[in-house]
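This report goes through a few selected sites, one after another. Please look at the sequence and the structure before reading on.

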Amino acid sequence: MLIVEYLYLTRYTMGLFPFFHDKQMWTKVLEEDGEIIVKQKPMEIIEQSCLYYGASLRGRKDGARHIIGTSHKAPIAIEPTNEIFFFPTISPMNPQCVWLSHLHIRHHEHVQGGKTRITFSNGKSLEVCISHHSFVNQLHRTAQLRTKMNERIEARERKMMYFLNP
């Protein structure tokens, strides 16, 4: 398995999972074509990816609160034009928090013990410690943020067409 110092999220990243190595928290990153171990905490990857695409995590959180009115376990639009939207399974302050890409969720179902089985776009399935009800709520919040941001991006592009082609 590949181990790297840092990583920026892309549209091919499906999830971030806390991974403990020698009492240090690292991240197991699930990509469409495999897994990568990153020597950073999941939140550090989220923060640095926001900066990489030109926004602060605080700004992305404030934007989500303004657009969909939620601040608790808010989804993050890492890079909306490339549809990189991630949501946390539990409070991001909890070291067990998993971050999932909205783009790659293909199927989900309730599993005994308050878990949810997720099937990703590449066919890989795994269980996550989040109740199915909470998972669906997070999925819907992220869909709402993604839809509203896409509508705004498209409206801006239409306006630009009118300015360029009167």
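Which side chain of opposite charge is nearest to Arg141, and how many Å away is it? The model is a predicted one, and in it the answer is Asp62, at 14 Å. Arg141 is buried but has no salt bridge.

**Arg141**

Arg141 belongs to helix H3, which covers residues 132-164. Its side chain makes a polar contact of 3.1 Å with the side chain of Gln138. When neighbours within four places in sequence are left aside, Arg141 is in contact with Ile68, Thr70, His72, Lys73 and Pro75.

**Cysteines**

The structure has 0 disulfides. A disulfide would need two cysteine sulfur atoms within 2.5 Å. The table gives the values for two cysteines.

| Cysteine | Closest cysteine sulfur | Sulfur distance | Relative accessible area |
|---|---|---|---|
| Cys50 | Cys97 | 14 Å | 0% |
| Cys97 | Cys129 | 12 Å | 3% |

In soluble globular proteins, nonpolar side chains tend to be buried together. Here the largest nonpolar core holds 17 residues, and those touching the most other members are Leu9, Leu16, Val29, Ile46, Ile78, Phe86 and Trp99. Two or more residues of this core come from each of strand E4 (34-38), helix H1 (42-52), strand E5 (76-79) and strand E6 (84-88). Helix H1 gives the most, with 4 residues. Another core, of 14 residues, lies apart from this one and includes Met14, Phe87, Val98 and Ile130.

What does Val29 touch, not counting residues up to four places away in sequence? The list is Leu7, Thr13, Gly15, Leu16, Gly34, Glu35, Ile36, Val38 and Ile45. Of these, Leu16 is also named among the core residues that touch the most other members.

**Pro92**

Pro92 sits in the loop between E6 and strand E7 (99-101). Is Pro92 buried or exposed? Its relative accessible area is 19%, and buried means under 20%, so Pro92 is buried. With neighbours within four places in sequence left aside, Pro92 is in contact with Met43, Cys97 and Trp99. Ala64 is 28 residues from Pro92 along the chain, and the C-alpha atoms of the two are separated by 15 Å.

Note on methods: Residues numbered from 1 in each chain as written. Predicted model: local features only at pLDDT ≥ 70, side-chain atom pairs only at ≥ 80, totals over all residues. Heavy atoms only, no water. Buried < 20%, exposed > 50% of the residue type's maximum accessible area, 1.4 Å probe, protein only. Lys, Arg positive; Asp, Glu negative; His and termini not counted. Salt bridge = Lys/Arg side-chain N within 4 Å of Asp/Glu carboxyl O. Polar contact = N/O pair within 3.5 Å; in protein donor to acceptor, adjacent residues only side chain to side chain. Contact = heavy atoms within 4.5 Å. Core = buried A, V, L, I, M, F, W, Y, C linked by side-chain atoms within 4.5 Å.
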